[in-house]
Amino acid sequence: MLTFTLIFLPLLAATGLFFVKEEKWARNLAFAMALVEFGISIAALVQYFLYCHCHLLFRLDWLASYGISLKFGIDGLSMLMVLLTTFLVPIIIYTTFGQKINRPASFYSLIFLMQAGLMGVFTAFDGMVFYIFWELALIPAYFIAAFWGGKDRIRITFKFFAYTFSGSLLMLVAIIFLYFRTPLPHSFDHIWLYASNLKPDEQIWVFLAFFIAFAIKVPIFPFHTWQPDTYVTAPYPGSMLLGGLMSKMGLFGMIRWMIPITFSVLNTTNGLFIILPVTGIVYASLIAIRQDDLKRLIAYSSIAHLGLVAAGIMVLNAQAMQGAMIQMISHGINIVGLFIIIQYIEARTKTTSISELGGIAIKAPRLAAFFMIILLGSIALPLTNGFVGEFLILLGMFKYNMVFAAVAGLTIIFSALYMLWMYQRVMLGNTNAVTEQVSDLSWKEMIPLIAIVIMVLWIGIFPGMFMKMAENGVGQVIGIIR
Amino acid sequence: MNSIISLSVLGVLVLFLGILKKKTWLLPLILVGLLASLVMSVLHWNMNRSLFHNMLIIDNSGVAFSSVLIFSTFLIFMFAAQYYRKVVRPLDDIYAIMIFALVGAVLMSYFGNLIMLFIGIETLSIALYVLAGSHKEAITSNEATLKYFLLGSFLSGFLLFGIALIYGSSGSFDLYAIHSYVAEHAGAGLPPMFKAGLFLLIIGLLFKIAIAPFHFWAPDVYEGTPTLLTAFMATVVKTASVFAMYRFFSITFFGIHGVWEMTIAVLAAITIVIGNLTGLYQPNLKRMLAYSSISHSGYMMLAMVAFSGRTANALLFYSISYSIATIAAFAILILVREAMGNDYFGSFNGIAKKNRIEAFTLAVAMLSLTGIPPLAGFIGKYFLFAAAIEQGWLWLVIVAIAGSAVSVGYYFKPIIAMYFREDNGIVLQVGRPFRISILFLTILTILLGFLPFLLSGLI
């Protein structure tokens, strides 16, 4: 029942908010609903740990004659992603307070619609239902970016939509095709899809369809071309939703669907497909170094970090996959934190260009401190959240292939390079005309950052609880592969 | 049967009201009459009778489709008052002809005999030739009717010739008799005369449905025809023709691999490609909807090559989802044309700001036609695609899905214009019944997406 509520409540909130006229009411209601949703996910967490780590299953016949049922459940993988989503959405809504938003009710309504989509994606145990929620999350994301976005938004967001939609259609073909390869009577249930009987050449096509769909969403090099422009042009809450949550849909989809069904392709191709994310790590890092726009830099760093996660998933060992799960959570938290900081900087200086900034730390020491902690998390310093995940991924990759691991390991060096250099140019040094009047953070502004910093340190220092969930979820996937 | 009689009587009554000059009574009478016919049609459920020596066969699939046709016509009439509100003269002739066209369409969904099919198609077509030209003062309307009439009557000749050849070889017009003839000759191969007849018959039907390469009339005719009647053409006429074709194939070739399957599949693929690619380059919504309807005919052809127990139902669901979305799109098109005088995409700029319900309706309609879950259009497409993959038409489904991906390029044009472009400040004049109707269509589109099982196991 909790699982159902987790999906249904955002839908309800989205519908309800559509009719709210007053701005103040809309934002308060939105924030309250997001907190309630977070509360429910905590309840689900408690229940998850109390009752034997089993699925909180919810099943309802939907199109029984077509083998589709509304089957939702929460296992270790889902639990982590659900927690991440319900944790980030209230933060994202909070950061919109005090800003002038055109048509606030529709804005919050779309955020909840997207949350409903994400919840469905992370908890679906039925292939077709997974696909439906996958698309349900895309539409509001597109509208948020295109309606509230910045310069040249129509062209950029349309590219984003067309790109991701084409990818997901490939996945749809693959899912329907798999359905007809399941044992009779066919079903979209995940257990049946896992058991589908594919010839080797069919396996490759199904794998490619899944891989491209997920690679576009993450995005993995060379399917990333929509991403930097979209992150830059989207409004801050939109970038946070895209970077923090939507990119995880692709990675999650890999673990939940692609790996268990077509892992043998990865075994027989000897790491051919791992070359892509590993190349992406180096490529995106090199580009990130040269970026002058803060948002764009974060966008490219995101390609690098998520490329490492994708590589970690595809080497098919428990350690790396577990690290990938943790790193998905950490990256979501860190990127939202970084976007919040950039938002604060832009609100104060009206620019995100690195070369125009400088010396902010003198004027705003609190901002500088928060920025530093989140940044260290992002470059994987020990005792921060980024370290746990990336260390495990690299460890797992070393077992798989030394060369890949060595190249992928460059990400840590590179990210330290571009992140710290960026920090140096933005925060340190002397103030200039632009940054002279910068004020420090108020208490109100610090609340979301405090929440994020707590998570950065919690996962970094006591990752036990999160590791347990990841271990449980990954264990099942690895069990299928063996 | 009762519904056919009641519809015919309704058409005559409408003409009488026209003679009596009771203009205000027309639409209420029509709406009530259509509802009554809809109820009668639904009451035929599970009746399973054949009438007049198998001329008409009342079976559940026929009942379902004829109910959809009557329902779509009802919805279109809900918008008639707004569309014709500046016209002073009584419109009994146009309304009556629409209802007679509907009678033809209903006959096409019950036929058990090729003669009946021809009568149905001609009743429908002749009425449509008149309707296409019903805006007498407009040169585009005259162009539309002339093009439609010349091509349509020529292709009706094909149809009739095909029926004659089939009769010549099989010795019967009756679908079941033709089926036993086909079954008899299935092993040794059908004689050339039958094949030629089949070929001509198929061409005649494909023309009505606007399948490439017989689709060239559609954009011009759709554009020239008065918009309300274009909506009628794109939904009722299309649904009736597609189902008539399905009915013919599914009965005469029941359990036998059709010789025509590959041809239809290739034509469907060509239609999907042409419809979607050309749709990208249309400057206005009406022409775009014409190409959208062409590509949707292509998707519906998937049903022709993929017979299984559930294909008829897939086609039914698809027709419903396509019809309600298309009618909704045309309804908004009517409003914008009225306010702006044209329907170029620029006319839609920023209308979402002041006309939220209307913009939302059009957006949902476009998303549903694109096939984005969880709207009705997605479920319809899924049913058809699944049926096709089940029968081994994977390549055709991949073409169809690629077509859907391309279609984003044009279905999103009005959405982008309405929501993301600068406001051009128009406020659409919308009456209350009109607004309720479009809201109803929107809710139906969303509801069928969430609760597809309501209609998934019917026939």
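I took the centres of domain 1 and domain 2 of chain B over C-alpha atoms and got a separation of 21 Å. The assignment gives domain 1 of chain B as 1-153 + 210-250 and domain 2 as 277-459; such bounds come from an automatic or database domain assignment.

The model is predicted, so I note the limits: local features need pLDDT of at least 70, side-chain atom pairs count only at pLDDT 80 or more, and totals for chains, interfaces and linings use all residues. Residues are numbered from 1 along each chain as its sequence is written, chains are lettered from A in the order in which they are written, and side-chain values use heavy atoms, without hydrogens and water.

I looked up the contacts (heavy atoms within 4.5 Å): 39 residues of domain 1 of chain B touch 45 residues of domain 2 of chain B.

Next was buried area, the accessible area (1.4 Å probe) that two parts lose on being put together, summed over both. The two domains of chain B bury about 3600 Å² between them, with 76% of it on carbon and sulfur atoms. On the domain 1 side, B:Phe79, B:Gln82 and B:Tyr246 lose the most area to domain 2, together 20% of what that side buries.

I then checked salt bridges (a side-chain nitrogen of Lys or Arg within 4 Å of a carboxyl oxygen of Asp or Glu). The rule finds 3 across this interface of chain B. B:Glu223 forms a salt bridge with B:Arg287, and their closest N and O atoms are 2.7 Å apart.
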